[in-house]
Amino acid sequence: MRFTVSATDGAARRARLELAHGAVETPVFMPVGTYGSVKAMSPAELADIGTEIVLGNTFHLWLRPGLDVIAAHDGLHRFMGWSKPILTDSGGFQVFSLGELRKISEEGVRFASPINGDRLLLTPEESIRIQRTLDSDIAMVFDECTPFPATEREAADSMRLSLRWAERSKREWERGGARANALFGIVQGSVFDALRDESLAGLLEVGFDGYAIGGLAVGEPKEAMLRVLEWTAPRLPASRPRYLMGVGTPEDIVAAVAAGVDMFDCVLPTRNARNGWLFTRWGDIRLRNARYRDDTRPIDETCGCYACRNFSLAYVHHLQRANEILGARLATLHNLHYYLTLMRELREAIAAGALAAYRARFATERARLADEKNGR
């Protein structure tokens, strides 16, 4: 892995991340392909709208289809027909999401498979072995995602467990021998600045190829998330990529880029698309609202995606209301195109030293639909 910063604007950076399966321009958004597929999109469509890297899920791919199937394809790239870079998360968040179905110990996490009820154990070592079979360009250490709310003591215990798991993840990674792939550490500590600092110090002592901010967007107030982000991001090594996990809205991403974050993933553009929620330059559209039944305009007149170039809001509204698969596909294509366009514009603004002006224009434009609705 090679990471080269080409421009800065305040804390924001434009950079190039070179990986085993190709180069990625940052700041970058990674569409989420949980089961080796970005829902409603083919790999060719993803490439066509400018996707440079996708995210796969260690936990779910381990359970289904299973490592034997993926190993027979020499890894996830060939299995899913995607030749560009892939990042895999470690399974920590999915284990966190199991709630009462899992039991956490120093060894790892024991849980009942949500597919067939089998009793399973996921450890830092097993997570790394799974990701080695997947052959992702970027693997993540196994960590515990601290729930919110948590007391400072609970957050400290969770963060220190994650640190010990990070050390074990790194040891297992090194046991696998020299690889072209990269391993990222994950900073935990909930909403407590001192714990975030302790987590980062521990990860730096171990040493990783990149560093992620985890444990946000798990129920904490938006103000708390932004405060932790603005505290933590500038403290991450300037020479390494910085990744904010599972965040978020366009507004969250713009704020995080300004704080110095390089990489993002989130299910919002794909999940919201399937529920008829579209992101546009001018604000969000609730597509199933009756007001769009006879609207002959495109979703966004300024968007160059296939959906906006060829169809009206009325047509996509009709497809959504009729539960036609094409409705979900067009909405997903549009939302991902919007997110990737946003990232390209952010990169251009940073390179031009114009991020502050871009942020001001972005906020004004994104408020337009709400202002029109409220008669302002």
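Strand 1 (residues 2-9) runs antiparallel to strand 2 (residues 12-19), with 7 bridges between them. Strands here are DSSP runs of E of at least two residues, and helices are runs of H or I of at least four, both numbered from the N terminus. Two strands pair if DSSP finds at least two bridges between them. The model is predicted, so local features need pLDDT of at least 70 and side-chain atom pairs count only at pLDDT 80 or more, while totals for chains, interfaces and linings use all residues. Residues are numbered from 1 along each chain as its sequence is written, and side-chain values use heavy atoms, leaving out hydrogens and water.

Ala15 has Thr26 in strand 3 as its bridge partner, and the hairpin joining strand 2 to strand 3 passes through 2 residues.

Two pockets are described next. A pocket is an open set of points on a 1 Å grid over the protein atoms alone, where a 1.4 Å probe fits, with protein on both sides within 12 Å along at least five of seven lines; lining residues have an atom within 4 Å of a point. Grid points are joined across faces, edges and corners, and a volume is the space filled by probe spheres set on the points.

| Pocket | Volume |
|---|---|
| Largest pocket | About 810 Å³ |
| Second largest pocket | About 260 Å³ |

The largest pocket is lined by 34 residues, of which Phe93, Gln94, Gly246, Asp265 and Val267 are the closest to its centre. Strand 6 (54-57), helix 2 (58-63), helix 5 (92-97) and helix 11 (268-274) each contribute at least two lining residues.

In the second largest pocket, the lining includes Glu251, Asn289 and Tyr292. Strand 17 (283-286) and helix 16 (368-373) each supply at least two residues there, and strand 17 gives the most, with 4 residues.

The whole structure has 0 disulfides, a disulfide being a pair of cysteine sulfur atoms within 2.5 Å. The sulfur of Cys303 is 3.6 Å from its closest cysteine sulfur, in Cys305, which is too far for a bond. Cys308 is in no disulfide either, with the nearest cysteine sulfur, that of Cys305, 3.7 Å away. Cys303 is buried at 14% relative accessibility, and Cys308 is buried at 8% relative accessible area. Buried means under 20% relative accessible area, exposed over 50% and partly exposed in between, with a 1.4 Å probe and protein chains only.
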